[in-house]
Amino acid sequence: MSDPDRQVASQLAFARLLPRLFRGGQAFVGVEAALSGLSDEQAAARPGGLPHSVAGLVAHVNWWNRWMLDIIEMGQALPYPAHAADTWPEVGAGDWSRVRNDFYELLARIDTHAARPDLANPVNHEETIGELLADFALHTAHHFGQVVTVRQALGAWPPPGGGDTW
């Protein structure tokens, strides 16, 4: 296989993998399952000893996912936030519906980018479009692991549709 053919094959494999990474379902619990069946109060609750609520975690994921998508869609770099705390919006029970809907809207926006032919193009401080998409997936997966932990601590796991309980 020639180098250009190998590159095309690699891009196709990456394009097939990314949507699964965004949503989970094979290597980890899918995002839909992780968020299903939570009341506003459960989503906003912060169990003792844990630093975040489910709503807080998802709001943080939304902040970064929006930032990365804006860079990809505008085709230009954006400044990094001055402080990590700037990426953790304050949310309460009354915000859960909006935060959850924002998450799904951002997820829908990302789908159009997974199979782009320009994934190797730099777009943000030397990061490529493909690297930002991978960061989107990995950051989301990281915090959704925390969502499961928060739900377990609340006694709200597994979700109504089932989920790993180990």
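Reader: How many nonpolar, polar and charged residues are in the lining of the second largest pocket?
Author: First, the general idea. Rolling a probe the size of a water molecule over the atoms shows where empty space is left. Now this model, which is predicted. The lining of the second largest pocket has five nonpolar, three polar and two charged residues. Those residues are Ala44, Arg46, Pro51, His52, Ser53, Gly56, Trp88, Pro89, Glu90 and Val91. The volume of this pocket is about 180 Å³.

Reader: At what angle do helix 4 and helix 5 pack?
Author: Two packed helices are described by the angle between their axes and the distance between the axes. Here helix 4 (residues 54-74) meets helix 5 (residues 96-111) at about 35 degrees, and their axes lie 9 Å apart. Their crossing is left-handed. On the helix 4 side, the contact residues include Val58, Val61, Asn65 and Leu69. On the helix 5 side, Trp96, Val99, Phe103 and Leu106 are among them. By class, this contact has eleven nonpolar, two polar and five charged residues.

Reader: What span should helix 6 have?
Author: Count 1.5 Å a residue. Helix 6 (residues 129-154) has 26 residues, so it should span 38 Å. The C-alpha atoms at its ends are 37 Å apart, which agrees.

Reader: Which residue follows helix 6?
Author: Gly155 does, with a positive phi near 75 degrees. Pro158 also sits in the segment after helix 6. A cis peptide bond links Trp157 to Pro158, with omega at about 5 degrees.

Reader: Where does His125 lie?
Author: Look in the loop between strand 1 (122-124) and strand 2 (127-128). His125 is not a glycine, yet its phi is positive, about 50 degrees.

Technical notes: Residues are numbered from 1 along each chain as its sequence is written. This is a predicted model: local features need pLDDT of at least 70, side-chain atom pairs count only at pLDDT 80 or more; totals for chains, interfaces and linings use all residues. Side-chain values use heavy atoms; hydrogens and water are left out. On a 1 Å grid over the protein atoms alone, a cavity is a set of points where a 1.4 Å probe fits but cannot get out, and a pocket is an open set with protein on both sides within 12 Å along at least five of seven lines; lining residues have an atom within 4 Å of a point. Grid points are joined across faces, edges and corners, and a volume is the space filled by probe spheres set on the points. Ala, Val, Leu, Ile, Met, Phe, Trp, Tyr, Cys and Pro count as nonpolar, Asp, Glu, Lys and Arg as charged, and the others, Gly among them, as polar. Axes are lines fitted to C-alpha atoms, for helices over the stretch in contact, and angles run from 0 to 180 degrees between N-to-C directions. Helices (H or I, at least four residues) and strands (E, at least two) are DSSP runs, numbered from the N terminus. A crossing is left-handed if the near helix is turned anticlockwise from the far one by less than a right angle, and right-handed if clockwise. Contact means heavy atoms within 4.5 Å. The expected span of a helix is 1.5 Å times one less than its number of residues.
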